[in-house]
Amino acid sequence: MSELLQPLEPLIQALRRLPGVGVKTAQRMAFHMLQRDQEGARQLARALVTAVDSVRHCEKCNTFTHETVCSICRDEGRDAARLCVVETPADLAAMERTGAYRGYYFVLMGRLSPMDGVGPKDIGLPELLVRTQEPALQEVILATSFTAEGEATAHAITELLQGRSIEVTRLARGVPVGSELEYVDLGTIAHALVDRR
């Protein structure tokens, strides 16, 4: 690294931790914040510290929340017979934006990826098993991504729930193969949910 960039090295390395951000993009971000938007940089720093210090996992569904139990899990008007399993809080938000689903959720916080050392305990499968013991539950909807890892995760969950009196369904293939759920248009997600198998 050149002497010119040395004072910015900690900031550049911190920005590189974001997904899809390489060295050049991190450098552009660092220069922009320090040159043109120092107040924005301070606001970003405060927001990150606040989020890290105050956001926790919901005790029921594992999504991010400021409360012990999130607002969706507290909503008694939802369909307790349905539990939709998603990979991330972003996927949960995408499902909610469709308005097509009124059940509860469980957020895995990832997907199985043996190549990356991510196993069942790393994505909350033990907690999911506990959640599926709720007496009103009749159906678990697997809404993992249609990637190799998402498919492996859906298969593992199906195997775990075999022999229980719970129907396990999967989103229909209206969602493009290889796509991340949070980037799929809302109409496609809604149709996939309605046509689940």
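Here are a few friendly notes to read alongside the structure.

1. Before anything else, keep in mind that this is a predicted model. The protein chain has 197 residues, and 39% of them count as buried.

2. The protein chain holds eight helices and six strands. Starting at the N terminus, their order is α-α-α-β-β-α-β-α-β-α-β-α-β-α.

3. Now zoom in on one pair of strands. Strand S5 covers residues 139–142 and strand S6 covers residues 167–170; the two run parallel and are joined by four bridges. How does the chain get from S5 to S6? The path goes through helix H7, residues 148–160, and this β-α-β crossover is right-handed. To find your place within the pair, look for isoleucine 141, which stands opposite threonine 169 in S6.

4. Next, step back to the whole chain. Its C-alpha trace spans about 65 × 35 × 35 Å along the principal axes. Among contacts in the protein chain with a separation of 6 or more, 56% come from residues 24 or more positions apart.

5. The chain carries 22 positive and 26 negative charges.

Definitions and conventions
Residues are numbered from 1 along each chain as its sequence is written. This is a predicted model: local features need pLDDT of at least 70, side-chain atom pairs count only at pLDDT 80 or more; totals for chains, interfaces and linings use all residues. Side-chain values use heavy atoms; hydrogens and water are left out. Buried means under 20% relative accessible area, exposed over 50%, partly exposed in between (1.4 Å probe, protein chains only). Contact means heavy atoms within 4.5 Å. Lys and Arg count as positive and Asp and Glu as negative; His and the chain ends are not counted. The place of a charge is taken as NZ of Lys, CZ of Arg, CG of Asp or CD of Glu. Two strands pair if DSSP finds at least two bridges between them. A crossover is right-handed if, with the strands pointing away from the viewer, the path from the first strand over the helix to the second runs clockwise.
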